Amino acid sequence: MRRHRTTRLRNRSIPVLAALVFLVATPSLVAQEAAGWMPPLAADGKPDISGVWDFRTLTPLQRPEDQEATIDEARAAEIETAAVERARAADAPSDPEKRKLKAGDPVGGYNNFWFDRGARVVEDLRTSLIIDPPNGRLPDTLPDVKRQTRGDDKPIDRPVRLRVGGVGLDSYEDRGLSERCILGFNAGPPITPGGYNQNIQIFQSANHVAILNEMVHDSRIIPLDGRAHLPDSVRQWMGDSRGRWEGDTLIVETKNFSDLVSSFSGSVAGAVGDAYEMHVTERFRRVDEDTLMYEYTVNDPATFTRPFTARLLMKKGEALFEYACHEGNYGLFNILSGARAKEAEAAAATGGE
């Protein structure tokens with residue numbers, strides 16, 4: 001599927017020297033805060049959290065069941081080195097003869113050249129982004145919650161929209177939201193690392209904060225003036241966000257999600273429930289010159305047995321680039337027209353029955 005998307009030359013290959021730089025241990029977040037660092041202030045006297053923030057990380061959302069809550073620096077270095085080696089090995093030659101592809105073999109969406117999964121684990125060496133529940137894993141879902149995976153070939157009676165890929169071939173409405181350029185699969189809320197274009201840009205004033213996502217160029221304009229949420233009848237793809245400052249932390253509450261959006265899913269290749277009752281609380285706090293602590297709590301009583309919280313340390317980033325998801329994108333047309341061609345072939349083989 002063809003997509004106009006961006007990458008940075010610095011991420012197209014990772015030389016050994018760059019990999020070694022990534023492996024240099026940095027001072028712990030706690031140590032930096034204990035040193036008395038104070039954030040710069042915006043014009044209204046609030047902490048300045050504006051700028052571009054990069055949220056790539058090798059740390060998974062959920063803790064592998066055989067791991068402890070944290071790892072040591074030596075293990076972190078092993079993980080980061082292995083990630084560089086995997087990225088190099090996955091860059092298969094473009095020559096079909098060398099790739100040993102046969103007609104009809106799946107080729108995937110992109111080659112590894114375009115992915116940017118990150119090169120570091122989180123600085124405090126946790127083994128999961130989830131910090132609550134204490135086991136670092138998503139809570140159980142309720143027994144009657146509907147779910148789908150990318151391999152499903154037909155929608156269920158009430159679709160739970162996948163972020164990536166689709167669940168059927170009858171209509172464009174059966175396809176995933178990012179495939180239709182409606183929502184980026186890592187844009188949130190909550191913001192979740194994955195894939196590529198893992199940057200946000202924050203703009204702030206005394207009355208509003210704006211969060212611009214590099215992925216699918218989605219933006220959230222968040223009022224800070226204490227106004228009420230939109231009426232419950234008004235539902236939006238990214239929900240309705242309202243913000244407030246508590247000390248040096250920006251708190252953003254989001255609800256009123258459309259029921260055409262799935263609830264929080266641990267993988268972009270799966271969808272669970274819908275987001276109609278989901279409430280997301282985000283916390284943004286600048287902890288040093290180059291680090292923005294981002295935490296979110298998801299509370300969806302119609303999907304999960306309990307709320308859960310994750311923490312991510314975003315790093316100071318570079319400029320954002322246009323994603324331009326729709327421009328020249330013929331992938332969706334090809335997906336559906338290919339399905340119609342297969343149906344015509346099947347009908348011809350059976351005499352049109």
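**Salt bridges, a disulfide and a helix**

Me: Start with R286. What does R286 form a salt bridge with?
Reply: E289, with the closest N and O atoms 3.3 Å apart. A salt bridge here is a side-chain nitrogen of Lys or Arg within 4 Å of a carboxyl oxygen of Asp or Glu.

Me: Before we go on, what are the ground rules?
Reply: This is a predicted model: local features need pLDDT of at least 70, side-chain atom pairs count only at pLDDT 80 or more, and totals for chains, interfaces and linings use all residues. Residues are numbered from 1 along each chain as its sequence is written, and side-chain values use heavy atoms, with hydrogens and water left out.

Me: Back to that pair. Is R286 buried or exposed?
Reply: R286 is buried, at 6% relative accessible area. E289 is partly exposed, at 44%. The cut-offs: buried is under 20% relative accessible area, exposed is over 50%, partly exposed is in between (1.4 Å probe, protein chains only).

Me: How many salt bridges does the structure hold?
Reply: It holds 17. One of them joins the side chains of D132 and R306, at 2.4 Å, N to O. That pair links distant parts of the chain, 174 residues apart. D132 is in strand β2 (residues 130-132), and R306 is in the loop between β11 (291-299) and β12 (308-316). Helices (H or I, at least four residues) and strands (E, at least two) are DSSP runs, numbered from the N terminus.

Me: How accessible are D132 and R306?
Reply: D132 is partly exposed at 28% relative accessibility. R306 is partly exposed too, at 32%.

Me: Which residues are linked in a network of salt bridges?
Reply: D54, R56 and D116.

Me: What about E343 and R340?
Reply: Their side chains meet in a salt bridge, 2.9 Å from N to O. Both sit in helix α5 (residues 331-349), 3 residues apart, so about one helical turn separates them. E343 is partly exposed at 42%, and R340 is partly exposed at 32%.

Me: Stay on α5. How far does α5 reach?
Reply: α5 has 19 residues and reaches 27 Å from its first C-alpha to its last. That is close to the 27 Å expected at 1.5 Å a residue. The expected span is 1.5 Å times one less than the number of residues.

Me: Which residues in α5 are buried?
Reply: G331, L336 and A339 are buried. Seen down the axis of α5, its buried residues fall within an arc of 140 degrees, so they line one face of the helix. The arc is that of the directions from the helix axis to the C-beta atoms. The face turned away from the buried side carries the exposed residues F333, E345 and A348.

Me: And what follows α5?
Reply: G351, with a positive phi near 75 degrees.

Me: New topic. How many disulfides turn up?
Reply: A search of the whole structure finds 1. C181 and C325 form a disulfide, with sulfur atoms 2.1 Å apart; the cut-off is a pair of cysteine sulfur atoms within 2.5 Å. C181 lies in the loop between β3 (147-149) and β4 (199-204), and C325 in the loop between β12 and α5, 144 residues apart.

Me: Which hand does the link of C181 and C325 have?
Reply: It is left-handed, with -70 degrees about the S-S bond. C181 is buried at 10%, and C325 is buried at 1%.
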